[in-house]
Amino acid sequence: MATAFAFAESRGGELRKVALETVTAARQAADASGGGEVHALLVGAPGIAARAPELGRHGADLITVVEDAALEHYSAEVFAATAAARLSAGSYRAAFFSASAQGRDLAPRVAARLGVSLACDVTGFEMRDDAVIAQHPGYTGKVMVTLRLVGSPALLSLRPGAIAPAEHSRTPRVETAKPATDPAAARVVVTELTQRAAARLDLGEARVIVSGGRGLRAPENFKLVEDLAAAIGNAAVGATRAVTDDGWRPATDQIGQTGRVVTPDLYIAVGISGAIQHLAGMRTAKTIVAINKDKDAPIFKVADYGIVGDLFEIVPRLTEEVKRARHSH
Amino acid sequence: MKIAVCIKRVPDMEARFSIAPDRKSLDQSGLKYEMGDFDGYALEVGLQLVEKQGPGELTAVSLGPDGVQEMLRKALAMGAARAVQLKADQVPVDGLAIARALAAELKEGGYDLVLFGRMATDTASGTVGPMTAELLGLPCVTAISYLEISAGKGTARRDLEGAAETSSFPLPAVLTIDEGIARPRLASLKGIMAAKKKPLEVRPAQLGEPRLFVESLALPPDRPPGRILGEGADVVPELVRLLQTEAKVL
């Protein structure tokens, strides 16, 4: 029997979906090594404890809640010290973080504090007696790297979306703890957290992504992409580097080697030629649709369904057909 | 201002990769190596800070085999004052081992800032920067796309999913650099000539005992070959039908 640890990420007092992913992964790891316990750590401003039951529903047996008025925002130093202290206090076989923006900042610090190694951006794992085996898509997704982590705890950060949250009902025990260091003594202080429009769905959490490239010719033509995303529903809008470099779209919308790496069920590439830089960010989408006027564009080599032609005719038609299809359901 | 920038040599990602017979490494034939994208941004940020903030110098550090010297010469040509190669037969996959070697090199250096790229383009891990910061006991902000330094303090902004975080920190500090602050300059001919006379020191990398290893490498299964349904807007109903009935994603 082995105990597994999950860090439960939250923002603004709410759990992020990746928190359920890490708890689910920890449950899988514990079950795969004889059915040990899953211990989750939840850190935030007072009130965050109300989120503990949801972690229990995804397989956490024990939830350690650390509430402090100074922890409304992420504090790398306090979070890392607190997670390291929790991990040192138990005997954990594996510890799961998310490879989200926060997790990518937090997990390496915890690893360094504990003197253990970290497998990063993991899409699958396997528990063995002497090691934890982890899969990671390296070289911009062109090479699948299988890693072997020895020593305990083995730290893994999970690519968002790679492990689907699964319900696994538990009635968890909840305990409270104090931050391992004084938040007031932190040297790096987050002074502001600016949320982008709340209605916008994050690229990492969207089931469908509609992306636009230079083929759209002008920033205002992104309306076509936005309309299609709206018609599909629950869809996010992405962009190529060429477009974000030109300021047509915010840099945070960039999908590719130097931007976000996404794995939606459906990826619709509009006016995108399919440079390596872009393919690196979306080649693992389950279904890819490409709309481009150049039939030799590399995007058609990875597209499950391609339409050659004028996107200014095709995309509005697609928006209409999607609306009609959704109405007839 | 004294700045160190840690850079990694990575294969050109445009390459068609193949796996060596040991199934744990890449077939090196035909691979071209270059400075990682984000490391180039970090180097440029460091050079601009040295230029703007008065007297100072920039040291470029890289861990790896002798092949990294070419990249370090490029950093010298761009404006670094000196370069250090932490010599290792190969770059370990264990970020903590790399961080230990870097921390051993940097700890007595008296640097005001230690910069990294947000991540190396080959492993896409981004672990070495924050790990090195922890080992050095320095404050650290990762993946920043805005930076201002004045009077021994810094302000940085980093993008989160759907949000941006602004933070303040004291120097000395470790920062990892995302896109958006600076694009790397091209080395001038004068810079290239000057680089030949600048110091490039070589020391063994003190990696310690790694705990993360490559078990195997494999090429992912190819996607089924692309399929063009046809030309023009009249194909759209067929596309919608396939998305609903075949791919079942709509």
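**Entry 1, the A/B interface.** I looked up the contact between the chains first: 74 residues of chain A touch 69 residues of chain B, counting a contact when C-beta atoms, placed from the backbone, lie within 7 Å. This is a predicted model, so local features need pLDDT of at least 70 and side-chain atom pairs pLDDT 80 or more, while totals for chains, interfaces and linings use all residues. Residues are numbered from 1 along each chain as its sequence is written, with chains lettered from A and ligands numbered from 1 in the order in which they are written.

On the chain A side, helix α4(A) (residues 101-114) gives the largest share, 9 residues. I noted that helices (H or I, at least four residues) and strands (E, at least two) are DSSP runs, numbered from the N terminus. That side of chain A splits into 37 nonpolar, 17 polar and 20 charged residues. Here Ala, Val, Leu, Ile, Met, Phe, Trp, Tyr, Cys and Pro count as nonpolar, Asp, Glu, Lys and Arg as charged, and the others, Gly among them, as polar.

I found β13(A) (residues 189-195) running antiparallel to β9(B) (residues 163-170), joined by 6 bridges; pairing takes at least two DSSP bridges. V190(A) sits opposite S167(B).

I checked α3(B) (residues 95-106) against α4(B) (residues 128-136): the angle is about 50° and the axes are 8 Å apart. They are therefore oblique. The residues of α3(B) that meet α4(B) include L96(B), I98(B) and L102(B), and their partners in α4(B) include M131(B) and L135(B). I read this contact as 10 nonpolar, 2 polar and 1 charged.

How values were computed. Axes fitted to C-alpha atoms, helices over the stretch in contact; angles between N-to-C directions. Parallel < 35°, antiparallel > 145°, perpendicular 65-115°, else oblique. Contact = placed C-beta atoms within 7 Å.
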